[in-house]
Amino acid sequence: MSVDMRTFLAHVELASPVTTAAGCAASGRELAQFFDLHRLGALVTRSITMAPRAGRPTPRMAETPSGMLNAVGLQGPGIDVFLERELPWLAQRGIKTIVSIGGGTVAEYAALARRLADAPGVTAVEVNLSCPNIEDRGRVFAREGGAAAEVVASVRSVMRYDAPVVAKLAPDVADIVSVARACVDAGADALSMINNPLGMSIDTVSLRPALAAVTGGLSGPAVLPLAVRCVWQVHSALPGTPIVGVGGVMTGEDAFQLVLAGACAVGVGTALFHDPYACLRIERELEDLLRARGFQRLADAVGLAHRPPGSPARHLHEESSL
Amino acid sequence: MQVTGTVLTTRRVDAYHALTVVAPGIAERFRPGHFVSVSVGGARTSMVTRRALYVHDVKPEYGGTVELVFTAAGPGTSWLAERRARDTIALVGPLGRPFPLPRDPCHCVLVGAEHGAAVPIPLADALAERGCRVDFVLGAASADRVFGAMRARRMAERATVTLTTEDGSLGVRGAVTDALPGVIADTRADVVYACGPMRTLREVTAVGIEAGIPVQVAVEESMACGIGICMTCVLPVIGDDGVTRMLRACADGPVFRGERVRFEDVGTIPFDALGAPGGGARHVG
């Protein structure tokens, strides 16, 4: 018997809970050589900026224990080329596309949302709040509820009503719940967490930082517990808000942890570098796990770990091993 | 495509390791200049990035095998060096854009430095098939790091093999670029193909420009994925429209026209690159 894997991101139905993570699928064409992108719940694009961006100098990557650091610097073609070449390619094929946007000012986010508002093929907009705020000494929007809320509100106000606005939160904050609540109050239809926490590695041969940008975002299995904790805390404070769990998901079991913590969808990033088929494999493994635990629907497992200890698992099949 | 390949043989070639892997899907599609990426550390590995490796040889046995050449430099390649016959490894390939081959027979000089010398070998086969004359210049720091010299000698029946070492332990003392101008002049070469460290490619390109002939280079950059999604292996390359873009060594390369690569700016974002911070070509489409 197959498990019903459909999930809802706000009012948008996704056939599968597994999406790519922002910045890990380039334009989509690269992964399309390996598998049919229709089998993804949705493709999340790299963060699109107003102007083309060359990104950071190399070296941009350093492998770390159970993870990697990256400092790509949002290299991308800019909104014009994105709307001209990349989005139409995805839209013509009917691939559910969540467009990630990044900006240096609130006005830039709003301008990007305005450009996307009437573009065909935008399933949802993900607001990358981990961009330095030019108007606030380069501190990222995600670090503080007020700044994050201002961006979310401006994007929500110009975006098409039927396209959910997803706020992507960073874990490098004192209180992620307060930032999450500020975003939801400002109109975010869903939340995505976590973005890369900042890390650093030093090359012991050159005696210099391993990355040209000195610090970089840490990803991979090393950050999974951090993601599970953030999803758990936010889901327990805001149980009605859909959460896309992202961070170090390499297997179906990792995805299941995020689902049990409260995520209704799961983003896969670094695992794609290791295995181009990771999204499909993880979805299959997640489905097998759900079936083995006696679930008939993915939705029944979302946030289930929050139930008090000792409470009966009534929905479970009697032959289940739980 | 992704293939779970079975290791057929392993061997030490001086300072290098060579692994022959049964991978029919990759062997069938392989063109010279392509590379493969290997995941290291087994099924539940803590090493999340893949290792990009050159293919030194493709053979039709067992439906198709590829021979991979690498140095055991870190924990990942050391793991790979410990593989034995019948172990399996996960390969993705062939990746990248291969060397363009000349339509008509011409004189080609193939340059390989350090383990980049693995690349010219299958390229020489393909060029010879088209009736090209192929001369080799292979070099490294010392004799034990000159790869493929024997194989090149065997292939080059009607051509020359020039070997160089920095310490003079084999062939000519010096770098490949010291011997290259002479070889180009002697063979009246029409084109140079080169693979090796960035510094060597830069000098080979300068020699090619001096001689007035095109240079095709296969670059080496550190990469996490090899398939064009991680955006970490970029280098500044001048496009047909004259605009410098940060291109991916994996998906847009690894083969580029040498004179288009801004070798002196590798590791930086040139101020006039498309999208450079505060830079010149910011609004060029």
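Biologist: Which residue stands opposite A:Gly217 in β16(A)?

Modeller: In this predicted model, the residue opposite A:Gly217 is A:Leu198. The pairing is that of strand β13 (residues 198-200) of chain A with β16(A), which is antiparallel and runs over three bridges.

Biologist: Which residue stands opposite A:Leu218 of that strand?

Modeller: A:Leu69 stands opposite A:Leu218. Here the partner is strand β6 (residues 67-70) of chain A, which pairs with β16(A) in the antiparallel sense, also over three bridges.

Biologist: Why is β16(A) described as largely enclosed?

Modeller: Strand β16 covers residues 215-219 of chain A, and four of its five residues are buried, so the rest of the structure largely encloses it.

Biologist: Turning to helix α7 of chain A, how many of its residues are buried?

Modeller: Helix α7 spans residues 252-261 of chain A, and nine of its ten residues are buried, so this helix is largely enclosed by the rest of the structure. Among the buried residues are A:Gly252, A:Asp254, A:Phe256 and A:Leu260.

Biologist: Now chain B. Which domains does the assignment give?

Modeller: The assignment for chain B lists domain 1 (2-95), domain 2 (107-218) and domain 3 (234-283). Between domain 2 and domain 3 of chain B, the C-alpha centres are 26 Å apart. Their contact involves twelve residues from domain 2 of chain B and nine residues from domain 3 of chain B.

Biologist: Which element supplies the largest share on the domain 2 side of that contact?

Modeller: On the side of domain 2 of chain B that touches domain 3 of chain B, α6(B) gives the largest share, with seven residues. By class, that side of domain 2 has eight nonpolar, three polar and one charged residue.

Biologist: What does UniProt record for residues 1-101 of chain B?

Modeller: An unreviewed UniProt entry annotates residues 1-101 of chain B as "domain: FAD-binding FR-type". In the model, that span is 13% helix and 46% strand, and its end C-alpha atoms lie 23 Å apart.

Biologist: Where is B:Lys59 placed, and how exposed is it?

Modeller: B:Lys59 belongs to strand β4 (residues 51-59) of chain B. B:Lys59 has 13 other C-beta atoms within 10 Å and is partly exposed.

Biologist: How many residues does each chain bring to the contact between A and B?

Modeller: Chain B contributes 31 residues and chain A contributes 33 residues. The side of chain B that touches chain A consists of 16 nonpolar, twelve polar and three charged residues.

Biologist: What scores does the predictor give the complex?

Modeller: The complex has an ipTM of 0.88 and a pTM of 0.90. For chain B, the average pLDDT is 87, with 96% of the residues at 70 or above. Over residues 280-285 of chain B, however, the pLDDT is below 50, and this stretch has 14 contacts in the model beyond near neighbours in sequence.

How values were computed:
Residues numbered from 1 in each chain as written. Chains lettered and ligands numbered in written order. Predicted model: local features only at pLDDT ≥ 70, side-chain atom pairs only at ≥ 80, totals over all residues. pLDDT = per-residue confidence, 0-100. Contact = placed C-beta atoms within 7 Å. Nonpolar A, V, L, I, M, F, W, Y, C, P; charged D, E, K, R; others polar. Domains from an automatic or database assignment. Helix = DSSP H or I, 4+ residues; strand = E, 2+ residues; numbered from the N terminus. Buried ≥ 20, exposed ≤ 12 C-beta atoms within 10 Å, placed from the backbone. Pairing = 2+ DSSP bridges. UniProt positions renumbered as here; feature names shortened; annotations may be inferred.
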